[in-house]
Amino acid sequence: MQETLFLPLIIALPLLGFVILGLSGKRIGEPAAGWLASLLVLGSFLLGLVLLLQGGARWTLAEWLPGIPFSLNLDNLSGVMLMVVAGVGFLIHVWAIGYMHGDPGYSRFFSYFNLFIAAMLVLILGDSLPVVFIGWEGVGLASYLLIGFWYQERVNADSARKAFIVNRIGDLGFLLAMGLLWSMFGTLSISELVEKVEAGGYSFTTLTLAGFFLLIGAIGKSAQVPLTVWLPDAMAGPTPVSALIHAATMVTAGVYLLVRHAFILHGDGFLAGLIVTVGLLTAFYGALCSLGQWDIKRIVAYTTLSQLGFMFVAVGVGAYWVAIFHIVTHAFFKALMFMTSGSVIHALGGEQDVRQMGGMRKYLPATHLHGLVATFASGGLVPLAGFWSKDAILAYSFEFGPWLWVLMLGASVLAALYSIRWYVLVFWGEYRGRSPSGRTNAHAPGGKAHPHESPAVMLWPNHILMGGALGVGFMGLPYVIDYKNFIEPYLTKAIGDFPHEKLPVVTEWVLIIISAVVAIAALWWGFRFFQQQMPAWYERFQTAALQGFYADAVYNALLVNPAKGLAELLFVGDKGLLTGFAGLGSLMGGLGGLLAKLETGALRFYLAGLLLALVLLLGWGVLR
Amino acid sequence: MIHVGLWLPLLAGLVLLIMPGLGRGFAIASAAISLGISLVLFAGYGGQGVAYASQTPFLPEAGVYYALGLDGAGLLLWIAVSLVVLLGVWIADVPVRFLAYTLMMQTGLLGIFAAQDLIFFYFFFEATLIPSLLMLWFYGGADRLRAIYTFALFTLVGSLPMLAAIFAVRFLGGADSFLYTDLAANPLTGQTASLAFLGFMVALAVKTPLFPLHAWLPSFHQQNHPSGLADAMGTLYKVGIFAFFKWAIPLMPDGLREWQGLLLFLAAFGAIYAAWVAFSAPDWKTLLAYAGVSHMGVAALGLFSGNGEGTVGALYLLGASMVYGSAMFLFIGLVYKRTGSLETSPVRGLAKHAPALYVLGMFLLMAMIGLPGLSGFPGELMALLGAYKVSPWLTFVAFLAVIAAAAYALTAFQKLFQENTQAQAVPDLDTREWGFAAVTVAVLLLMGLYPKLFTLYLEPLGKALAALFGGAS
């Protein structure tokens, strides 16, 4: 692997965009600011592609902190992530040129957007944990700034703050992982850790703890149960932000972190069980919540949670390459789903309530096609991208335990249902719209909504993403299909080869057919069901699901409010501390009395005395 | 050069007291020269040991020498102090006499870091109190008397046991003088060491500040001048970590062994406790006071771990927090200039009319809560790596503060700058303030992105302390 300065340049390009647009974005203006930002990301993508085709690259700045090098590593794993982040990132940048049109913070937006890409690339390419952590917190900052992009409204600012604080719980896990690994191995370089873990000579329980700490970090960043609560609120940011950060890339960083550290997790039964449990809970929780939402972006946000749960299950059952494969397919179809939603919002002048939508297939034919493909890919229809990666997760789950396969099949039924529900409510039926709700959106023309198709700058990125949602699944076909699986050997080269028993051909075929048929059935059933008047039981379910099953209320009651209360209490107590010291002084009798006399005039006397003594001392020393 | 660097600010301060007509320009010139000198000293430092050492007999019979010198830590802190003083006299809207006190205080602070004789260290340590009290006395708020009383009481009463311990160290240790080199060659051991260490501990805990002896700090900040200059200087005066590192631990390593458990506990508990309390702070100065206590708790946790990483982390965090902590107080002074209030609760939405002020505040805030890439993080990380080796549980407790810090800092920040519905029309940064902002942000980035610049010189110090303390790592 070559040592090259082009590697940090990949990060430097978007960072440069952040600086330039941050300092003089207003002067550059619209749309140049957007194109500049987009082209810089494209530059990163192309540079990364070239280096990847040359077999990867490394770059090391000898030492950043004592014993901690600043090193970057482009291998097959970080390479695939780089392609997704910079590639999909570029498309979303371009799309945003159209979407953010007319916003007073246009160049500020692209400045932050580039900052995000730069930080995400640091996270991916970092080969030493503190470097990864720089990116880890950097994307957190970018996410904070972008969720709160329209911070003039309190709800947006609150959501941004909430995301940052909840993420910091995960960050604490990351920090402790660094502390523990440092104390165990005396290094935080990932490539060195791989060797040291292989070499053995440590307590496996301690290593489990390290894995556990990393898992806490991953749970925070990927919004898994029990730290899900920040992600739905994060939809307060502009839609391109939701598509890029809170669907396609940043939220998958937790999965990436775990896969990167597969050498720590692998073969650990406790961690495997824990990760599978977390993933399962999230997959179901996200799916059920999505089925109850009315806000188009919250619908999609919860589907993201559910899909992230799938990825966690993949990590838990040891299917590391599958987790990354699912990140790739998901990046395409979920970005597509979000941007399709954004195009609809755009068309309706800022409307986000799906009850005010419907019938969009007549008004927005191209967007309708995008939405249809996104729905099928997300719902797991053969042979779209989502089907193959989901199917691989199901196959590995079956190896882990048939019970897990059954549960995951249930979760994929829900995935098909929420996808088709989104589609039916937005595109099917008749337009139920009213005049725009007057949200903070530059496109609200005021007056009656005339749904209009998006401009080319927004359509083309979606065309490309649609191609991906249709096609990228074919690089990871199951082994029973006599066609090369490209991505598995490619990724295992970097992740490490953890051999597993392949399922018998017949079993695998049966599983594939069942999951394909079930998805079709669920999509069909959902298509019929969500066109009807909802039955009473669904309405009841929906009331709870709309509130995220009261997760926020429970957290507020159990954690947030007690913590605030304790803060008040401690504040008063801390004032009392001073009184306590005063009391202590009085108790000490003579001393207390003496000190009390120092107050006001006496203190001046004391100070004068001190000064005099110092002067005398100095004078004696000099004159002697 | 080191002598000029040390005494120049005092001289300039005295001149300014006598001839206030010289004005702010004179103070700025003095501060700029000071910073220049400390940078020259830094550039000329060889990287090992105490440089620019000089000693002149002062009271040879008593073994007192006027001895100066700078090691890597001393240099880092000289630069930090000089930079903050320059920023302070540059930006703060205060009377000229106030600036004079600031310069005089600078000499005291520089002396603390350069003294190579324990008596002179004590002299600077105490003498610095005088300008600090004068600032509070003449320019403090309505309730300043109580604050002065509390501050002076904690400091002076705390110093008495240290003074006793200083003599104990010299005479029970059997050194020929109060010179650092002599004392360090004859460290106290056993029971005596632990008692003498306790004497230092009380005085230094007040100045770290370490829970529960931080109790003087909130009222000190609340009552000081709203420009934040006195608060910035007060932040520089938090030299406890340095003094533990430079004097207490090397002269009495057994003392740290004896008290390590308690000290680690107080540091860790203080870190999360103060961060939690900060959430309820009714005004920015109180908030920053508690934030400072929390950060110093983290630094102290690193130092008391007694290993190389922890020591480097503690010293780096000390230097960094001097810069961002002081700059934050000065920044709040700018806010006060615009709003006339320091309360945290009202929605002000300043970002709308003062976007540059907002960006500066964002940088400072993120540095304060330890965002990687800015100056707070390298020290925090190294302190964590050191502390985890010694006490994982206390490390966990202390670093809960990273969550609490995000909560208190972002909440108050949001009220001040966002939620524009009731935006207050205020002017954005003027030219002078742009200068302050540019330098501050540049330093935050430099310290965050290229920590090696200083850790290179701190690393040998950390190793030496670890070797001295031994065992624990």
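Here are some questions and answers on how terms apply to this predicted model.

Local features here need pLDDT of at least 70 and side-chain atom pairs count only at pLDDT 80 or more, while totals for chains, interfaces and linings use all residues. Residues are numbered from 1 along each chain as its sequence is written, with chains lettered from A and ligands numbered from 1 in the order in which they are written.

Q: Why are H3(A) and H21(A) called oblique to each other?
A: Let's begin with the names: helices (H or I, at least four residues) and strands (E, at least two) are DSSP runs, numbered from the N terminus. Helix H3 (residues 76-99) and helix H21 (residues 487-495) of chain A pack at an angle of about 120°, their axes 7 Å apart. Axes are lines fitted to C-alpha atoms, for helices over the stretch in contact, and angles run from 0 to 180 degrees between N-to-C directions. Angles under 35 degrees count as roughly parallel, over 145 as roughly antiparallel, 65 to 115 as roughly perpendicular and the rest as oblique. The two helices are therefore oblique.

Q: Which residues make the contact of H3(A) with H21(A)?
A: A:Asn76, A:Leu77 and A:Val80 of H3(A) meet A:Tyr490, A:Leu491, A:Lys493, A:Ala494 and A:Ile495 of H21(A). Contact requires C-beta atoms, placed from the backbone, to lie within 7 Å. By class, this contact has six nonpolar, one polar and one charged residues. Here Ala, Val, Leu, Ile, Met, Phe, Trp, Tyr, Cys and Pro count as nonpolar, Asp, Glu, Lys and Arg as charged, and the others, Gly among them, as polar.

Q: Why is strand E3 of chain A called largely enclosed?
A: Six of the seven residues of E3(A) (residues 68-74) are buried, so the rest of the structure largely encloses this strand.

Q: How do you know that E2(A) and E3(A) pair?
A: Two strands pair if DSSP finds at least two bridges between them. Strand E2 (residues 57-65) of chain A and E3(A) have six bridges, in the antiparallel sense.

Q: What makes E3 of chain A an edge strand?
A: The open sheet runs in the order E1-E2-E3 (chain A), with mixed pairing. Strand E1 (2-3) and E3 of chain A each pair on one side only, and these are the edge strands.

Q: Which residues touch the most other members of the largest nonpolar core?
A: Such a core is a set of buried Ala, Val, Leu, Ile, Met, Phe, Trp, Tyr and Cys residues joined through C-beta atoms within 7 Å. Of its 436 residues, A:Ala335 and B:Leu301 touch the most other members. Helix H15 (residues 320-347) of chain A gives the most to this core, with 19 residues.

How values were computed:
Contact = placed C-beta atoms within 7 Å. Buried ≥ 20, exposed ≤ 12 C-beta atoms within 10 Å, placed from the backbone.
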